[in-house]
Amino acid sequence: MHRTYSMRSSRAPTATQLATPPPPPSSTKGKFFGTTSIANAFRKQAAGSFGPEMARKLSQLIKIEKSLERSLEAVSNERKLVAKQLSLWGADNDDDVSDVTDKIGVLLYEIGELEDQFIDKYDLYRITLKGIRNIEASVQPSRDRKIKITDEIAHLKYKDPQSPKIAVLEQELVRAEAESLVAEAQLSNITREKLKAAFNYQFDSLRELTEKMALIAGYGKALLELLDDSPVTPGETRPAYDGYEASKQIIIDAENALTSWTLDNSYLKEPLLSIHQGVDDVYTVPEGVTEGEWVEQVDEDEDHHHENEHEDENEHEDLAQDEEVVEH
């Protein structure tokens, strides 16, 4: 956040930025070629055409993610330009419009900074996927070797069933299969480990970005309340604007809220899933009540619910019989 809480002054690093430096910048930043260039399109196509066959699809995904990061960088830069231009435009207006647009510009610029930080954290996800790609590429030779030996044995058995090379090749095949089993087990383990780690990076960074953007949106709406939008008649003057301290305090509160945010005190609770099986998974036992008492209470509620259903069914049957009597 701006140290002076204004877009019309120079920026200085905050204490939080000095104490907790951000992650290293993404390797996609500052490149000459854009996401729509011929070179970019060639890289994405080449990623799925070259290299070990097992790793081609993931290589193409990694290249597409790199292109996505460059697009996000463009969005971040444009957001900061929007913030600056909004402040420049507001400076020539009345005091209230000038102050509010300047402070909104501070918040918009902060969104651009958050998006820029998001790219660096998102890049950790992309780099982790590279670990899966590398292990896939290393497993490919053992698969190819096993297939090649199997084909040679089949060819010799067809061409010369008595060839002494068959026994030698069969021994090589046993060793190749053992090596392949080890490689496949490593691939299975590393794929799951790194896949979970990669998407944890992505989802945590997404959660941080979106929740902080929601916080900024809330403080931005608070700034709008400082604008007096009541209509005036020709020749009438508006009351003098006295919201400078209030607008500055809103920016300070926004900065404090963003600084104190962590995943542990996140405002978003864990999602409610519909795949739970038992009472212990679905219900949370209230404080001061034992688990057994709570389960008994739940069972009683269910029995009472079933009794009400049976009573409703009996009432419908009685009404149907009465209607038949009336008709006769």
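Visitor: At what angle do helix H4 and helix H5 pack?

Guide: Helices here are DSSP runs of H or I with at least four residues, numbered from the N terminus, and axes are lines fitted to C-alpha atoms over the stretch in contact, with angles from 0 to 180 degrees between N-to-C directions. H4 and H5 (residues 165-224) pack at about 170 degrees, with their axes 8 Å apart. Angles under 35 degrees count as roughly parallel, over 145 as roughly antiparallel, 65 to 115 as roughly perpendicular and the rest as oblique, and H4 and H5 are therefore roughly antiparallel to each other. This is a predicted model, in which local features need pLDDT of at least 70 and side-chain atom pairs count only at pLDDT 80 or more, while totals for chains, interfaces and linings use all residues. Residues are numbered from 1 along each chain as its sequence is written, and side-chain values use heavy atoms, leaving out hydrogens and water.

Visitor: Which classes of residue make up the contact of H4 with H5?

Guide: Ala, Val, Leu, Ile, Met, Phe, Trp, Tyr, Cys and Pro count as nonpolar, Asp, Glu, Lys and Arg as charged, and the others, Gly among them, as polar. The contact of H4 with H5 divides into 35 nonpolar, 10 polar and 19 charged residues.

Visitor: How do the axes of H4 and helix H6 lie?

Guide: The axes of H4 and H6 (residues 244-260) are 10 Å apart at an angle of about 10 degrees, and the two helices are therefore roughly parallel to each other. Their contact (heavy atoms within 4.5 Å) includes Val106 and Leu107 of H4 and Ile251 and Leu258 of H6, and by class it has 6 nonpolar, 1 polar and 5 charged residues.

Visitor: How many cavities of 30 Å³ or more are there?

Guide: Rolling a probe the size of a water molecule over the atoms shows where empty space is left. On a 1 Å grid over the protein atoms alone, a cavity is a set of points where a 1.4 Å probe fits but cannot get out, and lining residues have an atom within 4 Å of a point. Grid points are joined across faces, edges and corners, and a volume is the space filled by probe spheres set on the points. The count comes to 2 cavities of 30 Å³ or more, and the largest cavity has a volume of about 50 Å³.

Visitor: Which residues line the largest cavity?

Guide: Among them are Leu114, Phe118, Ser205 and Lys212, and the elements giving two or more residues to this lining are H4 and H5. By class, the lining of the largest cavity has 3 nonpolar, 2 polar and 3 charged residues.

How values were computed: 1 Å grid on protein atoms, 1.4 Å probe; cavity = no way out; pocket = protein on both sides within 12 Å on 5 of 7 lines; lining within 4 Å.
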